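This report is meant to be read beside the sequence and the coordinates.

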Amino acid sequence: MHDRIDPRLRRLLARLPLAAGLAILLWFALVGRPWSALVTRASEGWIRAAERTKVTRLAFEDGMVVVQRADLSSRSETPAFSAAPMTANLVLLLALLFATPRDLRAPAYAARVAAAFAALLLTQVLHLSFAVQTLYATQLGAWSVATWPRWQREVVATGRYFFDIVGKFAVPFVFWALTLRIGEDAEAGKGNAASGKRRRSKGKG
Amino acid sequence: MKSASTTETDPAGRKRLRPEAAFLLKFVLLLLLFFAATAPKPMNDAFVEPFTAGVAKVGGFAAGLFGEETRMEGTVIRSPRFAVNVRTGCNGLETIYIFFAGVLAFPAPWGRKLLGLAGGFLAIQLLNVVRIVSLFYIGVYFPQHFEDSHIVVWQAIVILFGVALFLLWADRYARPDRPAAP
């Protein structure tokens with residue numbers, strides 16, 4: 001066990017509570033609604049691209065994803081669910097990025113951060129799409145049973161459950177880890193040590 | 001700019017995954033394994049539900065310490081003023097999965113891993129009890145903020161706590177010993 005924490009980690013941990021507060025504040029004040037609307041729009045495009053007959057329309061209203069199918073009776077209740085459980089993991093990525101000290105950032109940091117946001121958006125689209133498909137497959141009564149074979153119901157429900165339970169919490173951590181210097185630092189350290197050895201052996205020779 | 005390759009060459013000249021790429025791969029595989037092991041209904045009924053009921057019981061007991069007249073109904077903490085249903089996703093398991101996957105994927109001696117798993121489990125569950133009690137009181141006094149507190153604020157706090165705990169463990173207990181100062 002070490003007596004001292006790595007100074008870069010110490011800075012990260014010291015910043016994390018404030019970074020979390022800032023990320024949460026940003027979510028409620030600025031980012032939450034436009035980001036959730038973006039995820040909803042992207043999910044609609046993704047779902048419609050996979051549909052033989054383009055029937056799904058998703059609307060983002062008052063924090064809810066409203067699911068409208070062109071082939072559902074207009075007398076049916078319009079299904080809707082909250083978007084935040086699928087999109088609020090943006091707060092985790094924001095908090096981790098805000099807390100990252102400069103000397104832990106990988107080269108091409110801005111590009112990696114942009115890629116992390118894009119990858120997070122992609123996983124959220126996948127999560128929301130699973131949620132819509134699960135709604136179709138399990139919550140529309142006799143229509144669900146008649147239209148969705150059992151194995152398809154299992155697949156979409158498992159996909160949604162995976163993101164609900166583990167996926168949505170783990171992906172921000174993974175994408176954040178890919179913006180860090182860890183590997184490059186070790187490599188640079190090894191490189192420096194090797195060139196140092198070469199210099200020393202040249203000096204001896 | 002140096003290319004960020006996921007592989008390196010070992011002293012014997014063989015290509016192998018770089019340690020950080022190997023860690024991330026193991027981390028993701030372990031998460032999938034934990035999910036596959038606990039998601040099926042029989043496992044969920046045998047393990048996750050009783051665990052969640054236990055977490056709810058401790059949460060209800062803790063709320064009782066603040067003078068709240070709580071009674072338990074399975075995973076529901078009920079008082080005359082409010083009721084909270086502790087479900088999968090609020091039982092701390094999601095953070096424990098992430099923390100355990102991180103610890104098990106990290107190259108460290110098994111003794112330190114076991115110490116990390118035990119300590120992390122207790123610390124995460126302790127914070128989770130604070131979350132349950134605070135959400136209960138948010139439900140009592142500010143019910144309009146319950147959903148936001150539950151989905152955005154507390155989930156972020158608990159997951160970030162798990163991540164911070166893992167980073168601390170990896171640095172303090174699992175890093176190879178530094179050479180002594182001359």
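How many bridges join strand β1 (residues 56–61) of chain A to strand β2 (residues 64–69) of chain A?

## Strands of chain A

In this predicted model, six bridges join β1(A) to β2(A), and the two strands run antiparallel. β1(A) and β2(A) form a hairpin with two residues between them, and Asp62(A), which lies in the turn, has a positive phi of about 50°. Within this pairing, Glu61(A) of chain A stands opposite Met64(A) in β2(A).

β2(A) also pairs with strand β3 (residues 80–82) of chain A, again in the antiparallel sense and over three bridges. Here Val65(A) is the residue that stands opposite Phe81(A) in β3(A). In general, the strands of a sheet pair through backbone hydrogen bonds, either parallel or antiparallel.

## Outline and sheet of chain B

The secondary structure of chain B comes to five helices and five strands, and along the sequence these follow the pattern β-β-α-α-β-β-β-α-α-α. The C-alpha atoms of chain B fill a box of roughly 70 × 45 × 35 Å along the principal axes. Chain B has a radius of gyration of 20 Å, whereas a compact globule of 182 residues would have one near 16 Å.

Three strands of chain B make up an open sheet with antiparallel pairing, in the order β3-β4-β5. Its edge strands, each of which pairs on one side only, are β3 (71–73) and β5 (83–85) of chain B. Neighbouring strands of this sheet are turned against each other by 20° on average, direction ignored. Three bridges join β3(B) to strand β4 (residues 76–78) of chain B, the two running antiparallel, and Met72(B) stands opposite Ile77(B) in β4(B). Helix α2 (residues 41–65) of chain B packs on the sheet, where it touches β3 and β4 of chain B; the direction of this helix makes about 15° with that of β4(B).

## Where the two chains meet

The contact between the chains involves 32 residues of chain A and 31 residues of chain B. On the side of chain A that touches chain B, at least two residues each are supplied by α1, α2 (84–87), α3 (90–99), α6 (150–177) and α7 (182–204) of chain A. The largest share of that side, eleven residues, comes from α6(A). By class, the side of chain A that touches chain B has 26 nonpolar, three polar and three charged residues.

## A helix pair across the chains

One crossing between the chains can be described in detail. The axes of helix α1 (residues 7–50) of chain A and helix α5 (residues 146–172) of chain B come within 11 Å and cross at roughly 165°. Because an angle over 145 degrees counts as roughly antiparallel, α1(A) and α5(B) are therefore roughly antiparallel to each other. The crossing of α1(A) and α5(B) is right-handed.

From α1(A), the contact is made by Leu9(A), Leu13(A), Leu16(A), Ala20(A), Ile24(A) and Trp27(A). The residues of α5(B) that take part are Val152(B), Val153(B), Ala156(B), Ile157(B), Leu160(B), Ala164(B), Leu167(B), Leu168(B) and Asp171(B). Sorted by class, the residues of the contact of α1(A) with α5(B) divide into 14 nonpolar, no polar and one charged.

Methods:
Residues are numbered from 1 along each chain as its sequence is written. Chains are lettered from A and ligands numbered from 1 in the order in which they are written. This is a predicted model: local features need pLDDT of at least 70, side-chain atom pairs count only at pLDDT 80 or more; totals for chains, interfaces and linings use all residues. Axes are lines fitted to C-alpha atoms, for helices over the stretch in contact, and angles run from 0 to 180 degrees between N-to-C directions. Helices (H or I, at least four residues) and strands (E, at least two) are DSSP runs, numbered from the N terminus. Angles under 35 degrees count as roughly parallel, over 145 as roughly antiparallel, 65 to 115 as roughly perpendicular and the rest as oblique. A crossing is left-handed if the near helix is turned anticlockwise from the far one by less than a right angle, and right-handed if clockwise. Two residues are in contact if their C-beta atoms, placed from the backbone, lie within 7 Å. Ala, Val, Leu, Ile, Met, Phe, Trp, Tyr, Cys and Pro count as nonpolar, Asp, Glu, Lys and Arg as charged, and the others, Gly among them, as polar. Two strands pair if DSSP finds at least two bridges between them. The radius of gyration is taken over C-alpha atoms; the globule rule is 2.2 Å times the number of residues to the power 0.38.
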